[in-house]
Amino acid sequence: MEKKYTGGRAARFFKKNLYYMIIIVATLAIGLAVVLSLTLGRKPALPADSIPSDLVNTKPAEMLAPVDAAFTVAKLFADDRLIWSETLRLFETHQGIDIQAPAGTAVVAALDGTVVRVANVPLEGYVVEIRHSDSLKTVYKSLGSDILVTEGQTVARGARIGSVADTMTYEIAEGPHLHFEVVEAGALKDPGLYIAAYK
Ligand SMILES: [Zn+2]
């Protein structure tokens with residue numbers, strides 16, 4: 001006995017308009033994909049290697065990377081979470097950023113300013129502090145002994161102040177690096193807020 005198609009109205013409608021429906025569904029899917037990619041994928045498309053080495057950020061002060069930005073950031077700023085210290089073998093906060101570079105690599109002033117401190121401090125090594133304004137200061141730790149500035153001296157943004165070394169015994173396991181801090185209004189701030197390379 002011949003079997004007759006006994007589907008209802010809806011089924012016949014679907015069968016008849018199948019191609020249109022596929023087109024509509026496909027169009028909606030593409031539209032959704034476009035919307036999602038626009039909303040979720042909104043990241044700067046700039047490849048990392050196209051960023052110039054003297055990369056600066058315009059907010060809130062145009063700081064220069066104190067060591068060529070191409071060098072590795074070994075440890076980021078972390079004041080609200082604990083990160084591992086290889087030297088101390090424990091988790092702790094980190095109030096600056098560490099940039100690893102070969103010993104002797106130039107360290108430069110992040111901004112114009114006045115050198116307010118040059119010292120050799122136990123655990124921190126050779127340290128230079130530069131005041132840029134009443135409220136803004138940068139601190140350079142783990143420098144070599146070959147410091148090129150003296151207290152009271154004015155320095156220009158980008159002027160060499162010393163060299164990368166491993167004098168900061170508190171972080172000695174990281175090898176030669178610069179420990180860099182930004183102090184604004186008396187508080188240690190994330191250098192990534194001032195230098196895009198360290199975000
Ligand atoms: Zn550090």
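These are my notebook entries on a predicted model of one protein chain.

**Entry 1. Overall layout**

I began with the secondary structure and counted two helices and twelve strands in the chain. Along the sequence, I read the pattern as α-α-β-β-β-β-β-β-β-β-β-β-β-β. I then looked up burial, and found that buried residues make up 27% of the 199 residues. For contacts with a separation of 6 or more, I noted that 60% join residues 24 or more positions apart.

**Entry 2. The nonpolar core**

I next looked for the largest nonpolar core, which has 33 residues. Among the residues with the most contacts inside this core I listed V67, I99, V107 and V128, together with Y140, L143 and L178. I recorded the elements that give two or more residues to this core as strand 4 (97-100), strand 6 (113-121), strand 7 (125-131), strand 8 and strand 11. Strand 7 supplies the largest share, four residues. As background, I noted that nonpolar side chains tend to be buried together in soluble globular proteins.

Setting aside neighbours within four places in sequence, I found L178 in contact with P66, V67, I99, A101, V107, Y140, S142 and V164.

**Entry 3. Strand 11 and its partners**

I asked which strands pair with strand 11, and in what sense.

**Entry 4. Two hairpins**

I examined the turn between strand 11 and strand 12, which form a hairpin with two residues between them. A185 lies in this loop, between strand 11 (177-184) and strand 12 (187-189). Its phi is near 50°, a positive value in a residue other than glycine. Is A185 buried or exposed? I classed A185 as exposed because 9 other C-beta atoms lie within 10 Å, and the cut-off for exposed is 12 or fewer.

I also looked up the hairpin of strand 2 and strand 3, which has four residues between the strands. R89 in that turn has a positive phi of about 55°. Strand 2 (residues 78-85) and strand 3 (residues 90-94) run antiparallel and are joined by four bridges. I noted H94 in strand 3 as the bridge partner of A78.

**Entry 5. S142**

I turned to S142, which is found in strand 8. S142 has a positive phi of about 70° although it is not a glycine. I counted S142 as buried because 29 other C-beta atoms lie within 10 Å, and 20 or more is the cut-off for that class.

**Entry 6. V149**

Finally, I located V149 in the loop between strand 8 (136-143) and strand 9 (154-155). Why does V149 count as partly exposed? V149 has 18 C-beta neighbours inside 10 Å, and therefore falls between the cut-offs of 12 or fewer for exposed and 20 or more for buried. Leaving aside neighbours within four places in sequence, I found V149 in contact with V115, V118, V128, V155 and I161. I also looked up T114, which is 35 residues from V149 along the chain; their C-alpha atoms are separated by 9.8 Å.

Definitions and conventions
Residues numbered from 1 in each chain as written. Predicted model: local features only at pLDDT ≥ 70, side-chain atom pairs only at ≥ 80, totals over all residues. Contact = placed C-beta atoms within 7 Å. Core = buried A, V, L, I, M, F, W, Y, C linked by C-beta atoms within 7 Å. Pairing = 2+ DSSP bridges.
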